[in-house]
Number of protein chains: 2
Amino acid sequence: MPTARAVRITGAGGVDVLSLGEIEVRDPGPGEVLVRVAAAGLNRADILQRKGFYPAPKGVVADVPGLEYAGSVEAVGDGVTTWQVGQHVMAIAGGGAMASYIVAHERELIGVPDGYDLQRAAAIPEVFLTAYDALCVQAGMTMGDNVLLHSVGSGVGTAALQLALQLGARPLGSSRTQAKLDRCAELGLRDGILVEDATFAKKTRELTGGAGADIILDTVGAAYLAENLGAIARGGRMVVIGLLGGVKGTANLGALLAKRATIIGSVLRSRALEEKAVLAQLFTKQVMPLFAAGTLSPVIDDVMPMDQVAAAHTRMEANETFGKLVLAW
Amino acid sequence: MPTARAVRITGAGGVDVLSLGEIEVRDPGPGEVLVRVAAAGLNRADILQRKGFYPAPKGVVADVPGLEYAGSVEAVGDGVTTWQVGQHVMAIAGGGAMASYIVAHERELIGVPDGYDLQRAAAIPEVFLTAYDALCVQAGMTMGDNVLLHSVGSGVGTAALQLALQLGARPLGSSRTQAKLDRCAELGLRDGILVEDATFAKKTRELTGGAGADIILDTVGAAYLAENLGAIARGGRMVVIGLLGGVKGTANLGALLAKRATIIGSVLRSRALEEKAVLAQLFTKQVMPLFAAGTLSPVIDDVMPMDQVAAAHTRMEANETFGKLVLAW
């Protein structure tokens, strides 16, 4: 049974509840893989978990954060056919990714392209799987769709922006910070919407010739709900993946019916193994070739050493990062 | 240009704004069919339209109500290949169905089985197309689904109940009236939920072993929104097709995300021709054989003469009907 270094959450609160320690990692069972983690991406969910608002799902280590990682295969369990020792892999996890070793099922793992930097790879899974699942799998994004991406300068936002451009959709990106819109313009965003007073519906309709957004990727929740229903097009689909602007909001069901719109709630973390495996396989086939070709690329704000995890939390909470923070061993 | 008898809405208000009159009906154009209407079903939407709350969509006669009809082909326009004079057909309409003649596109029309009574047929299109579209096309109902049907004693409710039973799903039906639940039990409903104080989530979870409803067909809207999010299962889909309980409600997006649930707003009336045609063709193939075989059957409260339209409105508004009211010429 290997021992791993790991970030530990010793209570619920500020960054002082984070510390480095050691954990026991079990041997990989049948169909499982032991991965030596090179780096793990930081996510807002890690901050929520640190504060005590987002506990790990059942069956996941409760006091080690980390929802994504990249590394190399250290050992394989009985019957594993997909991977060999030494291969580079990445994945999302329900928790525990900020440890130097983690055990995963072989079907959850996504192969990292040959020669691809593992610290870069660690910035891919959470944001690109989230954006891909929400936009492509759930909302059926395709050519010609007007796609409104809230928090477009975030990790998920920049991933979604790239996916929309790849698929021939037309991204519209919102942010409360002009500097983030400017950075997104460099990534190809032509229609930035600076959100003031939490309004954006009118601007969205103007930019789409009155039609509104066929797809909305929402990370804000309650505070944007009414405006989202004003911004959405007839037959539009809104995928809510975050609630940074609150949980309970007033829904105008009249608009929902008149527009025949759909609201979809989505999270990755609590999904069952088979759902994560399906998503990993789809992503491997449809999206990974574009990383290998360099067409898609994670936007990385900084790579920091794992023992700087508290400082990384502080930077993310200051809302001044553009793209991902990665923590490396 | 034929002249038709028709129900007219002469203003917005009580049943006294309804009167019988005459209208001009245009000749069928290319691809169109002139139908001699035998009977038209009455819907709650007709009452809303009479009150001035639900005007006809663009391109539809504004002062003649009626959203469904059955009749016989009187004449066909150029290029019509599907129908011949004398054949029996039925359809939904954006309005104008309470006239003795109506023009429709040939692809919107659904064939009435040989020997099937046209007054019975007139009770089929609106409720069965609505229930079929919501449950089967949009929510993907199939075997084993727990399906919560609100207002199960209504026209749409009894149609949905029959479709759920046909498909091997398990219907749960709610009503505020025990007598309607008793009538539905005769149609095969085993899990009736008597709604008191607008609560039903706890009972739904109890009846489904804690899982909740995979699909909810909602006709109530705001007043049921919070309870619906409590009653829905992980991955569940709620189709909102009516707002009898109000338009604006508080949505708990936290529950929506945690359950990865979907809310879909749906109306038939304002759909474009091609959407109605697709639905009519799907319905013809998948559902009509079950009417021909007698396995599905519209639940009809009463057939009244068309000149009793005001009395029919009054009966529907009293909320004491079980199944459809049909108005016959």
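1. In this predicted model, the two copies meet through the same surface, because 100% of the interface residues of chain B are also interface residues in chain A.

2. The symmetry can be stated directly. Chain B is superposed on chain A by a rotation of 180 degrees, with 0.0 Å of shift along the rotation axis and an RMSD of 0.0 Å. This is the relation of a two-fold axis. In chain B, T250(B) has the C-alpha nearest that axis, at 2.2 Å from it.

3. On the cysteines: how many disulfides are there over all chains? The count is zero, the criterion being a pair of cysteine sulfur atoms within 2.5 Å. In chain A, C136(A) is in no disulfide, and its nearest cysteine sulfur belongs to C184(A), 18 Å away. In chain B, C184(B) is likewise in no disulfide; the nearest cysteine sulfur to C184(B) is that of C136(B), 18 Å away.

4. Is C184(B) buried or exposed? Its relative accessibility is 0%, and the cut-off for buried is under 20%, so C184(B) counts as buried.

5. Helix α7 of chain B covers residues 222–231. Seven of its ten residues are buried, so the helix is largely enclosed by the rest of the structure. Which residues of α7(B) are buried? They are A222(B), Y224(B), L225(B), N228(B), L229(B), G230(B) and A231(B). When reading such a list, note that an α-helix has 3.6 residues a turn, so residues three or four places apart point the same way.

Technical notes: Residues are numbered from 1 along each chain as its sequence is written. Chains are lettered from A and ligands numbered from 1 in the order in which they are written. This is a predicted model: local features need pLDDT of at least 70, side-chain atom pairs count only at pLDDT 80 or more; totals for chains, interfaces and linings use all residues. Side-chain values use heavy atoms; hydrogens and water are left out. Copies are superposed by least squares on the C-alpha atoms of residues with pLDDT of at least 70 in both. Contact means heavy atoms within 4.5 Å. Buried means under 20% relative accessible area, exposed over 50%, partly exposed in between (1.4 Å probe, protein chains only). Helices (H or I, at least four residues) and strands (E, at least two) are DSSP runs, numbered from the N terminus.
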